[in-house]
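Please keep the sequence and the coordinates at hand while reading.

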Amino acid sequence: MTSQGAGEGGWNLGRRSLARRIRLTTAAIVMVAILGTAGIGTVVAAEIPGTTAAPVATSKTGTGSTAPTTTSQSATTTSGATSTATSNSNSNSMATTKAPTTTSRPADTTSGATG
Amino acid sequence: MTGSTTLSPATAIGLREFAALGTRAVVATCDPGVIESASAILHEELIAIDRACSRFRLDSEIADVHRRAGSTVEVSPLLSEAVETALRVAQDTDGAVDPTVGAAVIDLGYDRDFADVRHRRAPVVAGPRPAPGWACIELDPLRHRLRVPVGVVLDLGATAKALAADRAVSRIAAATGSGALVNLGGDVSLAGSPPPGGWAVGIALESNTSPGDARVVVAIREGGLASSGTAARTWLQGDRRVHHIIDPETGDSAENWWRLVSVAAPSCVEANAVSTAAIVWGASALDRLSTRGLPCRLVGEDGTVVVLGGWPTDGATPDDGRGGTTTGATRRTTGAATTTIDRATGTAKRATGTTAEAVS
């Protein structure tokens, strides 16, 4: 598989010129510095005006591991699915969902391979 | 469509079931009085997701994107969200669940609705075609613009169903004020307050197993639960039986290492992503899953059952219905083989025995 764009924070970086990459990276670094100075501790993202690229995001949460890359929060929808995927895009993050428990109730529905 | 109100030991719930997306759709509500509204919302969501994402419909949006391959196409917010979700899942699973497997799955013979695939013998074409990789897809999620390279076919089937379940159940809970459950072919999503004791979900090799016939039943109270397996959606290609979960690296059906993987997660999308990826990961799945902390249950091809991340053992005593988490190592007694995680190497080992130990 190609590795085009992987790890650089967006889906459509593959055809971007070097100049655009530099502009994006510079803007992202400035934004990270500003937010870092401000002490903002949650996942943040900034849209780069005039581009169609998904901007770079950073995070100060977690254990100091490399922050996940993600698209702008303004790009994500309000559905739980997308926001959850975003919040779990860092493989180091741990899920907070409660584990299933056993039950004596009859099943309401069935989960299995799609038939 | 079938409809009923199921009486459980704790309460009555509303329940509707109908065929959709080539499988079965189920919606349940804690308040039986809102089930008709809930069913209508689910219908709307399924019609929309099918119109946007179905690769079997000539009039779907994704079909139009494929016809205009190489060009940037403005798409609906829903298709944009579906592609964005698929790309996130691909990234999060290190490419194990990749939407660019479309051409590979077509080569395998899954080129039409599965009802028509199930009973046919697909021709053998040239060797499997590895997926080009999700990174070649260009998506602007802000402006809903999508570009798919010439020759690349998107198959959103691995994620769109789970996304539809998450979207529908959120809408249902918000519109009705009732706790709700949506199940699309085994992809279960919850929203709102669950019934007392939680939603009871049977675990079976095939999602069309009657809930009453499921031998393993667990209760969940939030998020999603999904199962992926290699036994249900299979067909013949030449003299070889293949299944629908594609390993993007080979373009072929994933190796038959796990028969069924069930995962609970904060959303159905995430649960489905991990359960599908585990099938692709095969022998390395236990190591990869143990680092994620998600509750999982895996059934090996030899019948060995392994549980991770606090998933209860099959024979555990039911709790008091108040829920909670299970932590630490869990044990599962089986009659087949033992699967353990080697803590030092992170590799899965198998040996004959009667106890499977899993590390959470």
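## Overall make-up of the two chains

Two residues are taken to be in contact if their C-beta atoms, placed from the backbone, lie within 7 Å. The model described here is a predicted one. With that definition of contact, residues 24 or more positions apart account for 45% of the contacts in chain A with a separation of 6 or more. Chain A contains two helices and four strands, and, read from the N terminus, its elements follow the order α-β-β-α-β-β. Of the 115 residues in chain A, 43% are buried.

Chain B has eight helices and 23 strands, and 56% of its 360 residues count as buried. Where contacts in chain B link residues at least 6 apart in sequence, 61% of them join residues at least 24 apart.

## The nonpolar core

The largest nonpolar core comprises 113 residues, and those with the most contacts inside it are Ala82(B), Val169(B), Ile172(B), Ala180(B), Val201(B) and Ala278(B). The surroundings of Ala180(B) can be set out in detail: leaving aside residues up to four places away in sequence, Ala180(B) touches Val27(B), Ala28(B), Thr29(B), Ala38(B), Val169(B), Ile172(B), Ala173(B), Ala191(B) and Gly192(B). Val169(B) and Ile172(B), which are among these partners of Ala180(B), are also listed among the core residues with the most contacts.

## Helix packing in chain B

Two packed helices are described by the angle between their axes and the distance between the axes. For helix H1 (residues 35-53) and helix H3 (residues 77-92) of chain B, the axes come within 9 Å and cross at roughly 75°. Angles of 65 to 115 degrees count as roughly perpendicular, and H1(B) and H3(B) are therefore roughly perpendicular to each other. On the H1(B) side the contact involves Ala48(B), Ile49(B), Ala52(B) and Cys53(B), which meet Leu78(B), Leu79(B) and Ala82(B) of H3(B). The residues of this contact divide into seven nonpolar, no polar and no charged. Ala82(B), one of the H3(B) residues in the contact, is also named among the residues with the most contacts inside the largest nonpolar core.

Helix H7 (residues 268-281) of chain B has 14 residues, which at 1.5 Å a residue should span 20 Å, and its end C-alpha atoms are 19 Å apart, which agrees. H7(B) is mostly covered, with 14 of its 14 residues buried. Just after H7(B), Gly282(B) takes a positive phi of about 60°.

## Partly exposed residues in chain B

Phe56(B) lies in the loop between H1 and helix H2 (61-67) of chain B, and, with 16 other C-beta atoms within 10 Å, Phe56(B) is partly exposed. Not counting residues up to four places away in sequence, Phe56(B) touches Arg112(B) and Asp113(B). Phe56(B) and Phe114(B) are 58 residues apart in sequence, yet 9.6 Å apart in space, C-alpha to C-alpha.

Thr72(B), in strand E4 (residues 72-74) of chain B, is partly exposed, with 17 other C-beta atoms within 10 Å. Once its neighbours within four places in sequence are set aside, Thr72(B) is in contact with Arg145(B) and Arg147(B). Val124(B) is found in the loop between strand E5 (121-122) and strand E6 (138-140) of chain B, is partly exposed, with 13 other C-beta atoms within 10 Å, and touches Gln237(B) and Gly238(B), not counting residues up to four places away in sequence.

Most residues other than glycine have a negative phi. Leu21(B), in the loop between strand E2 (12-20) and strand E3 (23-29) of chain B, has a positive phi near 55°, and, with 21 C-beta neighbours inside 10 Å, Leu21(B) counts as buried.

His144(B) likewise has a positive phi of about 55° although it is not a glycine. His144(B) is placed in the loop between E6 and strand E7 (145-147) of chain B, and its 19 C-beta neighbours inside 10 Å make His144(B) count as partly exposed.

Technical notes
Residues numbered from 1 in each chain as written. Chains lettered and ligands numbered in written order. Predicted model: local features only at pLDDT ≥ 70, side-chain atom pairs only at ≥ 80, totals over all residues. Axes fitted to C-alpha atoms, helices over the stretch in contact; angles between N-to-C directions. Parallel < 35°, antiparallel > 145°, perpendicular 65-115°, else oblique. Nonpolar A, V, L, I, M, F, W, Y, C, P; charged D, E, K, R; others polar. Core = buried A, V, L, I, M, F, W, Y, C linked by C-beta atoms within 7 Å. Buried ≥ 20, exposed ≤ 12 C-beta atoms within 10 Å, placed from the backbone. Expected span 1.5 Å × (residues − 1).
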